[in-house]
Amino acid sequence: MERFVDVAPGVRLWAEQLGSPDAPALLLVMGAQASGLGWPDELVELLAVRHRVIRYDHRDTGRSTACFDEQPYPLAALAEDAVAVLDAFEVERAHVVGMSLGGMLTQLLIADHPDRLLSATVIGTNALSSTPYAAPDGSRVAPEALPGVSAELMELWSRPVEDRGPEAELDRRVEHWRVLGGGAIPFDAAYARELERRIIAHTGHHHAGTAHARADYSGMERTERLAATDVPTLITSAPAEPVAPAPHAEHLAQVIRGARLVEIPGMGHALTREVHAPLAAAILDHTGRS
């Protein structure tokens, strides 16, 4: 079932529900400039065996309103959008799974709306906390000193994005997914191309978005609330992660009270076919415990 959700004056989000409407709700929150279709159908279907799965397009992605230039918003507003999506589907409490920026937004939900969460799963992101990382050797490392984005990915992000037509844009996106994959799992360019072709068709155009990169990131730290939360939280560790490399996942597991850490073998910062089954199994195990 597809629908649109009004989250602010003049701002509507596309959303979709799959699975049994009587099953526990599971909300999928994607990363920056990523459509809800960034959650591949195959992964969604695995989760929908046990859950009423809801995925949606952030503002300025997919079929949702492109509004940043006329109505600038802070990134934290995207977490409130997630709550509005739950309200629209009449979901009192949900399991929430967030990836990349979606993982940050999930942390905001843990901190600011714990009453709306049955559980949380955080994938591929850094902690919204100033608590130092406790290294295995006993040393303490400031969060800002932890390893950053890989050099190859930074070089790719530094290139200007030029509109040279749909096929050239598909080429650019496929190359982006290759680097995001991290290299541990053989890259399937055809799979990545077909996923992005579907996203372009869903969006209605091929133009690359920049709104989330320009939005205000300030005011998102939640050190004390994350340290005191009762929301059952799973952190996935991806050994080939190029965006938030080790030890960011370990740091997240330290700063979010009671969090569990599970490694997904070979995973980078991309939802390749090879990680669908182990990732879904980890999420379903976690939601089942919760």
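Modeller: Let us start with glutamate 196, which lies in helix α6 (residues 189–203), a helix being a DSSP run of H or I with at least four residues, numbered from the N terminus. This is a predicted model, in which local features need pLDDT of at least 70, side-chain atom pairs count only at pLDDT 80 or more, and totals for chains, interfaces and linings use all residues. Residues are numbered from 1 along each chain as its sequence is written, and side-chain values use heavy atoms, with hydrogens and water left out.

Colleague: Why is glutamate 196 called buried?

Modeller: Buried means under 20% relative accessible area, exposed over 50%, and partly exposed in between (1.4 Å probe, protein chains only). Glutamate 196 has a relative accessible area of 7%, and therefore counts as buried. Leaving aside its neighbours within four places in sequence, glutamate 196 is in contact (heavy atoms within 4.5 Å) with Leu170, Arg173 and Trp177.

Colleague: Which residues touch the most other members of the largest nonpolar core?

Modeller: They are Leu27, Tyr56 and Ile235, in a core of 50 residues, where a nonpolar core is a set of buried Ala, Val, Leu, Ile, Met, Phe, Trp, Tyr and Cys residues joined through side-chain atoms within 4.5 Å. Helix α2 (residues 77–88) gives this core its largest share, 8 residues.

Notes. Helix = DSSP H or I, 4+ residues; strand = E, 2+ residues; numbered from the N terminus.
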